[in-house]
Amino acid sequence: MIITPEVKNVVALNCFPPGCKEAVQRQVDYIRSQSALKNGPKRVLILGASSGFGLASRIAAFGAGADTLGVSFERGPSEDRSGSAGWYNNLYFREIAEEHGLYAKNLVGDAFSVSMREQVLSTIKADFGGKVDLVVYSLATGVRPDPESGNLIRSVIKSVGIPYTGLTLNIEKEQLEAVTLEPATLQEIDNTIKVMGGEDWADWIELLNRHDMLADGFKTVAYSYIGPESTQAIYHKGTLGHAKKDLQYHAEMMHEWLRPLGGDAWVTVCKALVTKASVFIPGLSPYVMALFKVTKAMGLHEGCIEQMYRLFFTHLYALNGPSLDAERMIRMDDWELRDDVQSQVNQLLEKITPDNFKDLVDYQGLRQDFMQLNGFGFDNIDYEKSK
Ligand code: NAD
Ligand code: NA
């Protein structure tokens, strides 16, 4: 039997575990081919460790010889379904880390919950000698239980103020479809800030500090996106952008209280990439496909692992520490936002239509990345095997 991908609009319904292993292995191979960090972290907690930027951060930390504790929300296999891709990424990463003599533990559950906080504290105590050097906050989710009431709070992806109309990719149908984002209500903006903003990040760091678990030189990062003018109505000026501004607000607060302890907190602005979370953002895909087309032609393309290695090597563990922008943020979107890149991207976006997008922009690149996130589309993998 040949296992084929099942996709509903922009959501993958299945995955191919040997392909997930290949995807993890390729990131590991990339990291091992780069120069090792000097003074890298030794004990790292990654919240959102199973895919995208969080997994790549974990692999970058592995490359520095770090033991890692990864928290994620994933589904294991059941009688009639394979587990989620992130479930297998966790397992395969741990296997590889252990082969290299490094510790890797996966905690699967809700990172917002009290019980996950307790599991993390006891693991750091038991297995990290009570201290952590780096916390990576890389959750992407649409829902969080209210810390007081326990009721579910849902984020929304909407514009703010005025509606947005554009095109978005339906991966299942391989079509660009019209999409309209309605302006969010104030309540929806607040909810999105609660789910995707900085409150939970700061709460985690405060908790670890209260338990005296922050090592000397402790660092923490959370990932943000800003993007060029052409995506701002959807992202930066929309509900998600409001949540990202709240990350920055909390980073500033933590900066004040971590510095006397010899620690620091930074928002890291990443480039646009294909992940489970990003393909879900209505209206962003035409931009991503145009960006990939331009940056690949210019030799400036990076995937998650290249971004995270560059973050660790040239910023977090660079001799002089990270270079920061005027707002104290680390800018991994520097190549994406170059004028020469954006002027070509804008030219493509002016021309893109539902009829020409497969040839005009990097549709195949986005599709391949999406398939490979779920273990499909690797030419060295045999999809005829079952399991
Ligand atoms: P992703 O979907 O690949 O990863 C999300 C991770 O969060 C997964 O490990 C998932 O298991 C975990 N998670 C979700 N809900 C959870 C919960 N309740 N408890 C525990 N774990 C949970 O997404 P990603 O694109 O890597 O996003 C990570 C961060 O990077 C987000 O803050 C996102 O906004 C940011 N970012 C993404 C892009 C991009 O283009 N993909 C660009 C810039 C910034
Ligand atoms: Na992640």
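Tutor: Begin with accessibility, taking Arg 331, which counts as partly exposed because its relative accessible area is 22%. The scale calls a residue buried under 20% relative accessible area, exposed over 50%, and partly exposed in between, with a 1.4 Å probe and protein chains only. This is a predicted model, so local features need pLDDT of at least 70 and side-chain atom pairs count only at pLDDT 80 or more, while totals for chains, interfaces and linings use all residues; side-chain values use heavy atoms, without hydrogens or water. Residues are numbered from 1 along each chain as its sequence is written, with chains lettered from A and ligands numbered from 1 in written order.

Student: Which residue meets Arg 331 in a salt bridge?

Tutor: A salt bridge is a side-chain nitrogen of Lys or Arg within 4 Å of a carboxyl oxygen of Asp or Glu. The partner of Arg 331 is Asp 325, at 3.0 Å from N to O. Asp 325 is partly exposed as well, at 23% relative accessible area. Elsewhere, salt bridges with shared partners make one network of Arg 117, Asp 200 and Asp 203.

Student: How many salt bridges does the structure hold?

Tutor: There are 21. In the one between Asp 200 and Arg 117, the closest N and O atoms are 2.6 Å apart. Asp 200 sits in helix H6 (residues 199–210) and Arg 117 in helix H4 (residues 114–127), so this pair ties together parts 83 residues apart in sequence. Helices (H or I, at least four residues) and strands (E, at least two) are DSSP runs, numbered from the N terminus.

Student: Are Asp 200 and Arg 117 buried or exposed?

Tutor: Asp 200 is buried, with 1% relative accessibility, and Arg 117 is buried at 9%.

Student: What about the salt bridge between Asp 334 and Arg 310?

Tutor: Their side chains meet at 3.0 Å, N to O. This pair links distant parts of the chain, 24 residues apart: Asp 334 is in the loop between strand S13 (330–331) and helix H11 (339–351), and Arg 310 is in helix H10 (residues 304–316). Asp 334 is partly exposed at 32%, whereas Arg 310 is buried at 11%.

Student: How do I look for empty space inside?

Tutor: Rolling a probe the size of a water molecule over the atoms shows where empty space is left. Here a cavity is a set of points on a 1 Å grid over the protein atoms alone where a 1.4 Å probe fits but cannot get out, and its lining residues have an atom within 4 Å of a point. Points are joined across faces, edges and corners, and the volume is the space filled by probe spheres set on them. By this rule there are two cavities of 30 Å³ or more.

Student: Which residues line the largest cavity?

Tutor: That cavity holds about 50 Å³. It is lined by Val 10, Leu 169, Ile 171, Leu 273, Ser 278, Val 279, Leu 284, Ser 285, Val 288 and Leu 366. By class, eight are nonpolar, two polar and none charged. For classes, Ala, Val, Leu, Ile, Met, Phe, Trp, Tyr, Cys and Pro are nonpolar, Asp, Glu, Lys and Arg are charged, and the others, Gly among them, are polar.

Student: What lines the second largest cavity?

Tutor: The second largest cavity, with about 30 Å³, has a lining that includes Lys 271, Glu 302, Gln 307, Arg 310 and Glu 336. Its lining divides into three nonpolar, two polar and four charged residues. Gln 307 lies in helix H10 and is buried at 0% relative accessible area.

Student: What should I know about phi?

Tutor: Most residues other than glycine have a negative phi, and most peptide bonds are trans. Glu 174, not a glycine, has a positive phi of about 55°. Glu 174 is in the loop between strand S9 (164–170) and strand S10 (175–181), and is partly exposed at 28%. Arg 328, also not a glycine, has a positive phi of about 70°. Arg 328 is in the loop between H10 and S13 and is buried at 14%.

Conventions: On a 1 Å grid over the protein atoms alone, a cavity is a set of points where a 1.4 Å probe fits but cannot get out, and a pocket is an open set with protein on both sides within 12 Å along at least five of seven lines; lining residues have an atom within 4 Å of a point.
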